[in-house]
Amino acid sequence: MQSELGEFELIQRFFKTGADAMLSLNDRSISLGIGDDCALLKLNPEETMAITSDMLVEDRHFFANANPEWLGHKALAVNLSDLAAMGAKPIGFTLAISLPRVDLAWLEAFSKGLFALAHEYSCPLIGGDTTAGPLNICITAFGSIPQGKAIKRSEAFPGNDIWVSGLVGDARLVLAALRHELTLPPKDLQAIDARMHQPTPRIQLGMELRGIATAALDISDGLLGDLKHILTQSRVDAEIFLDRLPKSVTLQQQSESIQNEFAACGGDDYEICFTAPPDQQNIIHDISKKLNLAITQIGRIKTMESSKPKIELLDQNGRVLSESKVAYLFKSFDHFA
Ligand code: ADP
Ligand code: MG
């Protein structure tokens, strides 16, 4: 890149500012524009539509020789994950794809992975675009939410608990192994491989959290960096118990700093991080049992102390870890950084 501008500053300067100016002039049917996991359109008095787009680019989001069946799964899964983060039920999706060549075996496997997941979530393909060019897959997914029930990033409140679903850090561990940053025994790699290549969109969880979670997002760029989006939009601070981050047995075999870094900042987890009032704890434990999915309370929302949102990391005794000790954790993945 020619400039120091990060991804979010770029969106703000060249897209969000222009978009906001139009929104204020315009249309009461747009209830939420740029800035959350999905945009929200009011369809009728009972129903809101959630819309999200995510693109996978060769050599950026996947290796050139990636398994096409996994790629078909992942391209849809990352979009369904954004629907899940707002509490939406999938309606359908479009697929825009550019292909370097017509490779029938590749297309067969890609569409197999794509449709297996589409069937699982009853989310049909309803259109798209196909062109020749470097391999690039862009999906736009549409979902439905009862009016007023969308879970936004902007409504976390001081005193709320912070929760995360599933386990975090494994996708980053797989990436580290594939990049030869570390060595994993083949059976360990196999045990967590799907966490990077075939993430599970937490659709049922998102729908269960309607009316319970105050704010939510899906973790695509790393837990702490993504949590910051909730803090910025809700104008609150947070404290996180570092040792409560839910980690796989495989990740727990790594050094403490790798465990912390991958779980807190790894990215590609596609779990849901959400906030909820403490009186919802029992209901959240019941949802966890019903879905057979771990949901872990990892911290708390606090009143904002300055104009910038702050995350304090706590040790197991609840003591604040000094910033210098955990500086390596405060970097989140930014596509243009
Ligand atoms: P997510 O990780 O949840 O998919 P992103 O970090 O990609 O979200 O994007 C943050 C917000 O910016 C989202 O609301 C997204 O719709 C919006 N956004 C990203 N790129 C653009 C763009 N080129 N034009 C308009 N909005 C964009
Ligand atoms: Mg998201």
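Is Trp106 buried or exposed? Trp106 counts as buried, at 15% relative accessibility (buried means under 20% relative accessible area, exposed over 50%, partly exposed in between, with a 1.4 Å probe and protein chains only).

## Basis

This is a predicted model, in which local features need pLDDT of at least 70 and side-chain atom pairs count only at pLDDT 80 or more. Residues are numbered from 1 along each chain as its sequence is written, and side-chain values use heavy atoms, without hydrogens or water.

## Aromatic pairs

There are two aromatic pairs (rings of Phe, Tyr and Trp, the last by its six-membered ring, with centres within 6.5 Å; planes under 30 degrees apart are stacked, over 60 edge-to-face, the rest tilted). Trp106 and Phe110 are stacked, at 5.1 Å centre to centre and 10 degrees between the planes. Both belong to helix α3 (residues 104–120), four residues apart (helices, H or I of at least four residues, and strands, E of at least two, are DSSP runs numbered from the N terminus). Phe110 is buried at 3% relative accessible area.

Trp163 and Phe274 are also stacked, because their centres are 6.2 Å apart and their planes at 5 degrees. Trp163 lies in strand β7 and Phe274 in strand β10, so this pair ties together parts 111 residues apart in sequence. Trp163 and Phe274 are both buried.

## Sheet

Six strands form an open sheet of mixed pairing, in the order β1-β2-β3-β6-β4-β5 (two strands pair if DSSP finds at least two bridges between them). β1 (30–32) and β5 (125–132) are the edge strands. Strands β4 (residues 89–99) and β6 (residues 136–146) run antiparallel and are joined by nine bridges. Phe93 stands opposite Ala141 in β6.

Note on methods:
Chains are lettered from A and ligands numbered from 1 in the order in which they are written.
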